[in-house]
Amino acid sequence: MVHELAHIIFTSSMPVWMLLELKQQYRKALDANAGFPSEYARRNIAEFVAECYAAYITETENFRIRNPKMFAFFEDVLPSKFKDRPLT
């Protein structure tokens, strides 16, 4: 569910600067062959973002270690009220 929500959040009316940053992070992950939260995240940028967001929400500390740049991106762009709410 979190994965699908990410598709909605990050594809509707995304500012150009944000799209460019996400594309850059995806390319860096591909080049380094690292930072992917799952194999599925390698498919394309949309799945990369959705899987990263899901990992950010559900496996926060592990994701911070695995991909610190994407973790920082979400920390910067998401309102703090979303970060502190439990999923259940």
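What pattern does the protein follow when read along the sequence? The pattern is α-α-α-α-α-α, and the secondary structure comes to 6 helices and 0 strands. Helices (H or I, at least four residues) and strands (E, at least two) are DSSP runs, numbered from the N terminus. The structure is a predicted model, in which local features need pLDDT of at least 70 and side-chain atom pairs count only at pLDDT 80 or more, while totals for chains, interfaces and linings use all residues. Residues are numbered from 1 along each chain as its sequence is written, and side-chain values use heavy atoms, with hydrogens and water left out.

Of the 88 residues of the protein, 35% count as buried; buried denotes a relative accessible area under 20%, exposed over 50%, and partly exposed the range in between (1.4 Å probe, protein chains only). Contacts are defined by heavy atoms within 4.5 Å. Among the contacts in the protein with a separation of 6 or more, 46% are accounted for by residues 24 or more positions apart.

Helix 3 (45-58) is mostly covered, with 10 of its 14 residues buried. The buried residues are E47, F48, V49, A50, E51, C52, Y53, A54, A55 and Y56. The end C-alpha atoms of helix 3 are 20 Å apart, in agreement with the 20 Å that its 14 residues should span at 1.5 Å a residue; the expected span of a helix is 1.5 Å times one less than its number of residues. At the start of helix 3, a side-chain oxygen of N44 reaches to within 3.1 Å of the backbone nitrogen of A46.

Two packed helices are described by the angle between their axes and the distance between the axes. Axes are lines fitted to C-alpha atoms, for helices over the stretch in contact, and angles run from 0 to 180 degrees between N-to-C directions. Angles under 35 degrees count as roughly parallel, over 145 as roughly antiparallel, 65 to 115 as roughly perpendicular and the rest as oblique. Helix 2 and helix 3 pack at about 95°, with their axes 10 Å apart, and helix 2 is therefore roughly perpendicular to helix 3. In this contact, L22, K23, Q25, Y26 and A29 of helix 2 meet I45, F48 and V49 of helix 3. The residues involved divide into 6 nonpolar, 1 polar and 1 charged, where Ala, Val, Leu, Ile, Met, Phe, Trp, Tyr, Cys and Pro count as nonpolar, Asp, Glu, Lys and Arg as charged, and the others, Gly among them, as polar.

Helix 3 also packs with helix 5 (residues 68-77), at an angle of about 75° and with the axes 10 Å apart. Helix 3 is thus roughly perpendicular to helix 5. Here F48, V49, C52, Y53 and Y56 of helix 3 meet M70, F71, F74 and E75 of helix 5; by class, the contact has 8 nonpolar, no polar and 1 charged residues.

Q25, located in helix 2, counts as buried at 5% relative accessibility. Not counting residues up to four places away in sequence, Q25 touches F48, K69 and M70.

Exposed positions include I8, in helix 1 (residues 2-9), with a relative accessible area of 56%. The C-alpha atoms of I8 and A50 are separated by 9.2 Å, although these residues lie 42 residues apart along the chain. N33, in the loop between helix 2 (16-32) and helix 3, is likewise exposed, at 52% relative accessible area. Phi of N33 is near 50°, a positive value in a residue other than glycine.

Note on methods: Polar contact = N/O pair within 3.5 Å; in protein donor to acceptor, adjacent residues only side chain to side chain.
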